[in-house]
Structure formats: structure tokens, C-alpha cells
Amino acid sequence: MEPVTTPDRLAGVCTIEQILADLDQIRLLGAGTVVLDPFNGDLTEIRQPEQAWQTLAAVAAYHRTSQEDR
């Protein structure tokens, strides 16, 4: 997946790197909890949830690692 570089990109949308950077910014703003919902309204996505689970697992692994570094 290519990064989205348009100014109207929503937080939490696109590449893992962009999502992780968004979460870092949200944390810096003071959020203690963020709810991630991978469903974007496309019903065909729920038939194959593997990509969403992989993305959520990558975010969780990054979050655990970054907390250990603090």
C-alpha cells in the first residue's frame, strides 16, 4: 500500500507507518486510549478480516515496544 499524501487524509488511514505516526501524535495530545475500528463500510472486507487483524496486531506490537522504551 502506498502512503496517502493528500492533506485530507484522516488519522488512522493508510499505511502501518502512517497509522503508527498518527497514534504517536494522538498520544502526545494526551489520549490514554484509542479505539481502532478497521471497518470502513465495505461489506466485502468483513468476509476476509485477515488484513485488518494483521494491521491491528502490528499496531499492538509497536505500542508494546514503544511502552517498554519509555
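A: Helix H1 has 13 residues and reaches 18 Å from its first C-alpha to its last, close to the 18 Å expected at 1.5 Å a residue, where the expected span is 1.5 Å times one less than the number of residues. Helices here are DSSP runs of H or I with at least four residues, and strands are runs of E with at least two, both numbered from the N terminus. The model is predicted, so local features need pLDDT of at least 70 and side-chain atom pairs count only at pLDDT 80 or more, while totals for chains, interfaces and linings use all residues. Residues are numbered from 1 along each chain as its sequence is written, and side-chain values use heavy atoms, with hydrogens and water left out.

Within H1, the buried residues are Gln18, Ile19, Leu20, Asp22, Leu23 and Asp24; buried means under 20% relative accessible area, exposed means over 50%, and partly exposed lies in between, with a 1.4 Å probe and protein chains only. As a general point, an α-helix has 3.6 residues a turn, so residues three or four places apart point the same way. Just after H1, Gly30 takes a positive phi of about 110 degrees.

Because Arg9 lies in the segment before helix H1 (16-28) and Asp22 in helix H1, the pair ties together parts that are 13 residues apart in sequence. A salt bridge is defined as a side-chain nitrogen of Lys or Arg within 4 Å of a carboxyl oxygen of Asp or Glu, and the structure holds one. Arg9 itself is partly exposed, at a relative accessible area of 23%.

The segment before H1 also contains Asp8, which is exposed, with a relative accessible area of 60%. The side chains of Asp8 and Thr6 are joined by a polar contact of 2.7 Å, that is, a pair of N or O atoms within 3.5 Å, of which, within protein, one must be able to donate a hydrogen and the other to accept it, residues adjacent in sequence counting only if both atoms are side-chain atoms.

Turning to the other helix, Ala60 is found in H2 and counts as partly exposed at 29% relative accessibility. The C-alpha atoms of Ala60 and Leu20 are separated by 9.8 Å, although these residues are 40 residues apart along the chain. Ile46, in the loop between H1 and helix H2 (50-68), is exposed, with a relative accessible area of 54%.

For the chain as a whole, there are two helices and zero strands, and 16% of the 70 residues count as buried. Of the contacts with a separation of 6 or more, 25% come from residues 24 or more positions apart. The C-alpha atoms fill a box of roughly 40 × 25 × 20 Å, taken along the principal axes.

Terms used:
Contact means heavy atoms within 4.5 Å.
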